[in-house]
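Subject: Structure for your review

Dear colleague,

Please find the structure below, together with a summary of what was found in it. I would be grateful if you could read the two side by side.

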Amino acid sequence: REHAVLSAADLVPSLLRIANVAAPKEVRFDGVDVSQALLGAERDARSQPLFWRRPPDRPGPPANRFPDLA
């Protein structure tokens, strides 16, 4: 799908859903279930925003400080 926004963190909850396997109740995943997008059934299956931040210990070049913030 060219419009679906996915993260590697989404793989475990999505693959569990596809395999019809329940996750342990005490486990909380950072990712969300995007199995419908992986299967091609939905254009955009993300139910939560996706964030990342580059750590300040790698500030990038002087002309482009913190280039990976999103």
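A pocket here is an open set of points on a 1 Å grid with protein on both sides within 12 Å along at least five of seven lines, and its lining residues have an atom within 4 Å of a point. Please note that the model is predicted.

The largest pocket holds about 160 Å³ of space. Its lining consists of P13, L16, R17, V21, A22, A23, F29 and D33. By class, six of these residues are nonpolar and two are charged, while none is polar.

R17 and D33, both in that lining, also form a salt bridge through their side chains, at 3.4 Å from N to O. R17 belongs to helix α1 and D33 to the loop between α1 and α2 (35-38), so the pair ties together parts that are 16 residues apart in sequence. A search of the whole structure finds one salt bridge. With a relative accessibility of 55%, R17 counts as exposed, whereas D33, at 27%, counts as partly exposed.

The surface also carries a nonpolar patch of about 530 Å², made by L6, L11, L15, I18, L38 and L39. Helix α1, which spans residues 11-18, gives the most to this patch, with three residues. I18 is found in helix α1 and is one of the residues of the patch. Its relative accessibility is 39%, so I18 counts as partly exposed.

With kind regards

Technical notes
Residues are numbered from 1 along each chain as its sequence is written. This is a predicted model: local features need pLDDT of at least 70, side-chain atom pairs count only at pLDDT 80 or more; totals for chains, interfaces and linings use all residues. Side-chain values use heavy atoms; hydrogens and water are left out. Patches are made of residues with over 30% relative accessible area and no salt bridge: like charges are joined within 9 Å, nonpolar side chains (Val, Leu, Ile, Met, Phe, Trp, Tyr) within 5 Å. Accessible areas come from the Shrake-Rupley method with a 1.4 Å probe; for residues, only the protein chains shown count as cover. A salt bridge is a side-chain nitrogen of Lys or Arg within 4 Å of a carboxyl oxygen of Asp or Glu. Helices (H or I, at least four residues) and strands (E, at least two) are DSSP runs, numbered from the N terminus. Buried means under 20% relative accessible area, exposed over 50%, partly exposed in between (1.4 Å probe, protein chains only). On a 1 Å grid over the protein atoms alone, a cavity is a set of points where a 1.4 Å probe fits but cannot get out, and a pocket is an open set with protein on both sides within 12 Å along at least five of seven lines; lining residues have an atom within 4 Å of a point. Grid points are joined across faces, edges and corners, and a volume is the space filled by probe spheres set on the points. Ala, Val, Leu, Ile, Met, Phe, Trp, Tyr, Cys and Pro count as nonpolar, Asp, Glu, Lys and Arg as charged, and the others, Gly among them, as polar.
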